[in-house]
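Please read this briefing alongside the sequence and the structure.

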Amino acid sequence: MTMLRAQVAAEVRMTLERGETLLVTIGIPAFLLVFFSLVKVLPTGTSHPVDFLAPGVLGLAVMSTALVSLGIATGFERSFGVLKRLGATPLGRPRLLAAKIVAVLAVEIVQVLVLAAIAVGLGWRPHPAAGLAVVAELLATIAFAGLGLAMAGSLRAEINLALANALYIVLLLIGGIVFPLAKLGGFAAFARVLPAAALSDALHPTLGQGAAPGAEAWIVLAIWAVVTPLVAALTFRWE
Amino acid sequence: MPAIEVQDLRVAFGDRVAVDGVSFDVQPGEVVALLGPNGAGKTTTVETLEGYRSPTSGSVRVLGLDPVRGHGRLVKDLGVVLQRGGVYPVMSPARVLRLFASYYERPRSPDELLGLLALEDVASTPFKRLSGGEQQRLALALALVGRPRVCFLDEPTAGVDPAGRIAVRDVIDACRHDGVAILLTSHELDEVERLAERVVIIDHGKVLAAGPPDEVGGGEEEIRFRVDGPLDTAALGAALNAAVAEEAPSSYRVGAPPSPGLVAELTAWLATHDLVLADLRIGRERLEDVFLRLVKTEADS
C-alpha cells in the first residue's frame with residue numbers, strides 16, 4: 001500500500017510538472033472554452049455557446065489525460081527503460097498500472113474542477129442530475145487509456161508522440177467538442193463510431209438537460225472501453 | 001548453495017543463437033565478472049537471470065528459484081543496474097531514491113547512499129541533466145536501496161570518472177562483505193581485475209575461459225618487460241638462455257621461471273645494448289592481454 005501511494009504521488013507530480021502536458025490537459029481546453037464562449041463564431045445553434053462548449057471541453061479533458069498525457073509519458077518511459085527497470089522491483093507491473101490509472105483519475109478531477117469553474121464563470125449552469133455524465137467520463141477514460149497504452153506499448157516513442165497529438169487534433173475537430181456533430185456533414189457518420197463523439201453525445205444531454213443519452217453513444221463507448229484495453233494487454237511490449 | 005547458478009544455458013532468438021551452452025555460478029559474497037566483446041551474449045545471459053527472458057534450454061537459478069516463475073518472490077532480493085537508462089528523466093537522485101525506497105520493506109537510507117556514491121552535490125538535479133557517470137552511480141544506488149542479496153550490474157563503471165570509480169569500488173566491496181552475490185559485466189578490464197574474484201570470458205555465446213583474473217589465462221609467472229626501439233630477441237634469448245617473445249609491439253616475455261638473477265641478467269644485457277627499459281613486471285598475463293588473445297583467437301578460427 002505504501003509503495004502504491006508513493007507511486008501514485010510520483011505519477012501525479014510528474015504529470016502536473018510537465019509543462020507540455022498541462023498545456024494539452026488544461027491550457028488548450030480552457031482557452032477553447034473561454035475563446036469560443038466570448039467570440040461567437042461557432043455554429044453552436046445557441047446564443048449562449050458556453051452551454052454547448054462546456055460538456056464537450058469536459059470530454060476533451062478526459063481525452064487529453066487518458067489518451068495524450070498517459071500515452072506519451074508511458075511511451076517515453078518504455079523507451080528510457082523505466083518500465084523495464086520497474087519490472088525488477090517489488091512494485092511490479094500490476095501495481096504500476098494501478099498507480100497510473102489512479103493518477104489519471106486524480107488529474108481528471110483537477111481538470112474537471114478547473115474547467116467547470118471557468119465554464120460556470122462564463123455563465124454555464126449544468127443540470128444538477130448529471131450522474132450519468134460521470135459514468136460516461138469513466139467509460140471514456142478506460143477507452144482512451146486503453147488506446148493510449150496500446151499505442152505506447154507498440155510504437156516508437158517519437159511516433160507515438162506525434163500520433164497521439166494528431167489524434168487529439170482530429171478528435172477535437174470531429175468529436176462534437178467545438179463543432180456540433182450535426183454540422184459535420186459527411187464526417188458525422190464516421191465520427192459517431194469514434195469514442196470522442198460518443199462521449200460528447202453522452203455529455204451534452206446529461207449535463208445540459210439531465211436527460212439520458214441515446215443507446216448508440218453508450219454502445220460505442222462500451223465497445224471502445226472493452227476493445228482498447230484488451231488490445232493494449234495483448235500487444236504491449238515492455239521494452 | 002550458489003546464489004546464482006547457470007547450467008548449460010542456451011538462448012536463441014529465432015535462428016540466431018545468442019547464448020550457446022554457458023555454465024557458471026556465483027556464491028554469496030562473491031563478485032564475478034562476465035566479460036566479452038559487444039554481442040558476445042553477456043547482456044542476454046544477465047537478462048535471463050533477471051527474469052526478462054526465458055532460456056531456450058538449460059537452466060538458471062537465482063537464490064534457488066527460477067527467475068521467471070519465481071519473479072514475484074525474487075524481486076525483493078534483487079538489485080539491478082541496466083546497461084543504460086531505467087530512471088525517470090525528470091526525477092532527481094533524491095526523489096527517485098525515495099520512490100524506490102518505498103518499494104522495499106527495509107530500505108537503506110537514500111541520504112546514506114547519496115553520500116556513499118558521491119551524489120550529494122547533484123541530489124536535486126534531474127536525471128537527464130546528470131553526467132553519464134553520475135547516472136550510472138545513481139543506477140547503482142537504486143540497485144542497492146532495497147538491501148539485495150543478489151546484484152546484476154551491467155557496466156556499473158561505464159563513464160564514471162576515477163574518483164567515482166573508487167566510490168563504486170568501495171560500495172561493491174562493502175556489499176561483498178555483507179554476503180551479496182554480484183554478477184557484473186564490464187569492458188574496463190583493469191577495473192575488473194580489482195573488483196572481481198572470478199571472471200568468465202564469453203564470445204559468440206560460449207565460455208572461452210573462467211577463473212580468477214590473474215590466473216584465467218593459464219600459464220606461469222614470467223618476466224614481462226617493454227623496450228621502445230628495436231630489440232634482437234634471438235640475441236637476448238641466447239644471452240639469458242631462455243626464449244624471448246614479442247607479445248605485442250614493444251612488449252616482451254621471457255620464457256623461463258623468474259628469478260632475481262634472471263632479472264639482473266636481463267637489465268645488464270639491456271644496459272650494454274643501450275636500451276631503455278620502459279616497464280618491468282613479474283607475473284602472469286594481464287587480464288586485458290588474456291582477453292584480447294582469447295577473443296582474437298576466437299575471431300580467427
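Across the interface of chain B and chain A there are 2 salt bridges, a salt bridge being a side-chain nitrogen of Lys or Arg within 4 Å of a carboxyl oxygen of Asp or Glu. The model is predicted: local features need pLDDT of at least 70, side-chain atom pairs count only at pLDDT 80 or more, and totals for chains, interfaces and linings use all residues. Residues are numbered from 1 along each chain as its sequence is written, chains are lettered from A and ligands numbered from 1 in the order in which they are written, and side-chain values use heavy atoms, leaving out hydrogens and water.

**Interface**
- Glu47(B) and Lys84(A) join their side chains in a salt bridge, at 2.4 Å from N to O.
- Helix H3 (93-101) and helix H5 (132-144) of chain B each supply at least two residues of the side of chain B that touches chain A; helices are DSSP runs of H or I with at least four residues, numbered from the N terminus.
- H3(B) gives the most to that side, with 3 residues.
- In contact (heavy atoms within 4.5 Å) are 23 residues of chain B and 22 residues of chain A.

**Domains**
- Chain B is assigned domain 1 (4-211) and domain 2 (222-283), with bounds from an automatic or database domain assignment.
- The C-alpha centres of these domains of chain B lie 41 Å apart.

**Cysteines**
- The structure holds 0 disulfides over all chains, a disulfide being a pair of cysteine sulfur atoms within 2.5 Å.
- The closest cysteine sulfur to that of Cys151(B) is in Cys175(B), at 5.6 Å, which is too far for a bond.
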